[in-house]
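Me: Please show me the structure, then go through it in questions and answers. Start with the terms.

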Amino acid sequence: MRSRGSSAMLAHVVKTIGAFGQVKDTSSATALAFSISCDRIDTSIRFYPCSIGPELWGMSLRRHLHFCSSQGQAAVSVGSPSSSTTDNFLEVPGGRLPYTSQLQFVGGSETPAPTIPCYRTIDSTGQDVPDAHVPYPISQELSLRMYTCMARLQTMDTMFYEAQRQGRFSFYLTCQGEEATNIGSAAGLDNKDMVFAQYREQGVLLWRGYTLEQFANQLLGNAKEPGKGRQMPIHYGSPELAYQTISSPLATQMPHAVGAAYAYKMDRISQVSVVYFGDGASSEGDAHAAFNFAAVLGAPVIFICRNNGYAISTPAHEQYKGDGIAGRGPTYGIPTLRVDGGDVRAVYNAVVAARARALGMPYNSGGVTSAPGTGGGGLGGGSETSLGPGPVLLECMSYRSGHHSTSDDSTRYRTSEEMRAWRARDPVARFRTWLVRRGWWDEAQEAALRRTTRVQVLEALDAAAQVPKPNLSTLFTDVYDTMPPHLEAQRAQALEFVRRNPSVCPSDVPIE
Amino acid sequence: MLASRNVRPAAGHRMAAAPGQRALLAGHPGRRVMVAAKAQKKEIMMWEALREAIDEEMERDPTVCVMGEDVGHYGGSYKCTFGLYKKYGDMRVLDTPICENGFMGMGVGAAMTGLRPIVEGMNMGFLLLAFNQISNNCGMLHYTSGGQFKVPMVIRGPGGVGRQLGAEHSQRLESYFQSIPGVQLVACSTVRNSKALLKAAIRSDNPIIFFEHVLLYNVKGEVGDKDEVACLERAEVVREGTDVSIFTYSRMRYVVMQAVNDLVKKGYNPEVIDLISLKPFDMETISKSVRKTRKVIIVEECMKTGGIGASLSAVINESLFNDLDHEVIRLSSQDVPTAYAYELEAATIVQSSQVVDAVERVCGGRVAATV
């Protein structure tokens, strides 16, 4: 049975063809595919559903029929009304595609896509890049806040790493070489933007106010730690600081972030979600899913890839063959920027601009956008912009100066020359040089900061070591919202066993 | 955990006849208590009941949303979200690209951010692609975050052996999921319990994996009103009896009740219990039944190895050993991929004649009640 719409289309087409000759035969195979033959042009035309209206059909159909009659063509079957050699576009459900008559591959090693350049405002010697575009300049106050956080992060990392080596807890990983990515991005966000981290973003937590005591509590898994000792070290989580509890499998947090952004968009909350992931994690299927979903849904999520050159021992050139992770963004329909991850000012600017773009607000136009932390305006749709909310991809290029973790010895797969060369490009030192040039920082302040931080970290570790571990009976809580009978039974059995054999339970683990 | 009234099925279920199959009557009331029939109540199909549940819960709570393939404009492959996008919009009934792990992860993230997503797998078997997100994140994050983040999701979809759908579309995921700590497994079977249980699942703060059966969507029956919310952890006593306890769930309930028709004629009095809660088991109802009859037959559609019956059998042996007169019998599907051919498919799953045979073996001979 034909729908009303297709009857109207058929009538229109018959009328158009009537201009060329007598319509001989009209038969309808389905509601939307019908054949028409007319005496001047021996052509049977089948029409497929298409997004353009019958008026345009008529136009291109006329052009097509002119062509047919001038060529004296026999039976012609057209897939869509405008798919003829006289037209320039192919209309398919995916969109409108221009034609080419040349057989030319694009992409691949012979004809690679152009490499996306790296945005940078401070060079490797700590000097301003002349004529750099810095839409969000950093004040002295903000610069010092960012620098002290980077320095504290670096010291904290070094000391916690050493503490693990001394056996105080089982595992640690540092973000050495990526301090600028951590702090620059954290500073560019609003404190309520939900962060989904991979595991090398402790700087974001530090920026938002996670204390050294809280870090130490989590590393030691003691009773004060809100995760109740259930996750391994560095798997922090804090709803107050909008930082989701870290989950070990790589890239699983990427669709989570899209889900959170979808929640914000649906409820019209002016917030973005932010997800960090590495160059290795971007190979996971979840990364592809997250990119694609975010673009299709227009979800306000900022994808921040920390491309630090290594995934444990796999160097980046064995992880992908394309133009890194930034090269993928445009093909998903995601606005993308590659940034020098060692330049904290560039990272900061990129994230502030990305945030505005993700919310569908004006950005990058010399300070029109609201400053971070004020929450901005509504989602998209203002008179100044026709952009809706959507994802943004930032690829921050840096180098993993440290080992992958305390379980890794990277000298087994990279040379000490390479590591030495990169240590010389330490982003903390680079920014310090920039600050010193401005007269905003000096040696004495540096020494004092490092000394104070070392003392604070040691104090935090000592304090955390004094706190007992969580009760053994908490092993069974939070599996569900309330404890079901089978877990009650298991708990009773476990506690009863421990009471009968107290030596199996370490002395710093209370039973109940 | 949310608990309301125990839901008893109304009398006289009728299964829509598939081509080439006789219609089955799902059992006489026997001695069980009957719910007072409301003469005016019309019968609806299970897909409509599920749709009503989703609609009512979405209306009641603005944080409830649906995501999955073809759930929005198409209305769902089994019509469980038919027309809901018109009422709630494209965001709350979200059509997703094809990536089960992707949209399952999206659901986890949305749930941790304050929504209550219902994630639909077009077929339960496809959710194998989402196993990583379900196991490592959905089931774990409440625990590993120390209770700071919760994941109030419902993961639902049709599973079970259909009618010649081939091996990949005939998976029984309850066996694979049952070990995951942190998720609850619920299997609906009747029109009434499907609606009441889905409502409860949506309101629960735990992640619930909600098993529907591909062949039950057109079963007709009565439903409760919008306040009827079942208890997710309570099994259903389908038929009280004395001879043997038959534990079953999902479509096998109907197979068992068909066998019960024959068994009653032969003079047996089996007790039939629909497990409903596959994890955790309702040990209160289960042990009460075992202590009464002292014989257990488990009838399930999942494979024998590592199935729900395997877990239930172990638990019954451990906790009710001295209450048993006979070893626990398990009637399960064969440990083979489900063949396409009709006869082979029928041979891989449990048929009612096997249930009759098992009861006869376990209970011994009986004098027939009447001729």
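Reply: Helices (H or I, at least four residues) and strands (E, at least two residues) are DSSP runs numbered from the N terminus. The model is predicted, so local features need pLDDT of at least 70 and side-chain atom pairs count only at pLDDT 80 or more, while totals for chains, interfaces and linings use all residues. Residues are numbered from 1 along each chain as its sequence is written, chains are lettered from A and ligands numbered from 1 in the order in which they are written, and side-chain values use heavy atoms, leaving out hydrogens and water.

Me: How far apart are the end C-alpha atoms of residues 44–219 of chain B?

Reply: UniProt, in an unreviewed entry, gives these residues of chain B as "domain: Transketolase-like pyrimidine-binding". Its positions are in the numbering used here, with shortened feature names, and annotations may be inferred rather than shown by experiment. The span is 38% helix and 18% strand, and its end C-alpha atoms are separated by 8 Å.

Me: How far apart are the end C-alpha atoms of residues 388–472 of chain A?

Reply: In an unreviewed entry, UniProt lists "domain: Dehydrogenase E1 component" at residues 149–358 and 388–472 of chain A. Residues 149–358 of chain A are 42% helix and 12% strand, with end C-alpha atoms 26 Å apart. Residues 388–472 of chain A are 52% helix and 7% strand, and there the end C-alpha atoms are separated by 50 Å.

Me: Which residue in strand 12 of chain A stands opposite A:Arg338?

Reply: Two strands pair if DSSP finds at least two bridges between them. Strand 11 (residues 336–340) of chain A pairs in the parallel sense with strand 5 (residues 118–119) of chain A over 2 bridges, and A:Tyr119 stands opposite A:Val339 there. Strand 11 of chain A also pairs in the parallel sense with strand 12 (residues 392–397) of chain A, over 5 bridges. In strand 12 of chain A, the residue opposite A:Arg338 is A:Glu395.

Me: Which residue forms a salt bridge with A:Arg338?

Reply: A salt bridge is a side-chain nitrogen of Lys or Arg within 4 Å of a carboxyl oxygen of Asp or Glu. For A:Arg338 the closest N and O atoms are 2.9 Å apart, and the partner is A:Asp323.

Me: How many salt bridges are there between chain B and chain A?

Reply: Contact here means heavy atoms within 4.5 Å, and 44 residues of chain B are in contact with 42 residues of chain A. A search of the whole structure finds 42 salt bridges over all chains. Between chain B and chain A the count is 0.

Me: Which element gives the largest share of the side of chain B that touches chain A?

Reply: Elements giving two or more residues to this side include strand 2 (64–68), helix 2 (84–92) and helix 4 (131–138) of chain B. The largest share, 9 residues, comes from helix 3 of chain B.

Me: What area is buried between chain B and chain A?

Reply: Buried area is the accessible area (1.4 Å probe) that two parts lose on being put together, summed over both. Carbon and sulfur atoms give 66% of the area between chain B and chain A, which is about 3600 Å².

Me: Where is B:Pro280?

Reply: The peptide bond from B:Lys279 to B:Pro280 is cis, with omega near 0°. B:Pro280 is in the loop between strand 12 (277–279) and helix 9 (283–293) of chain B.
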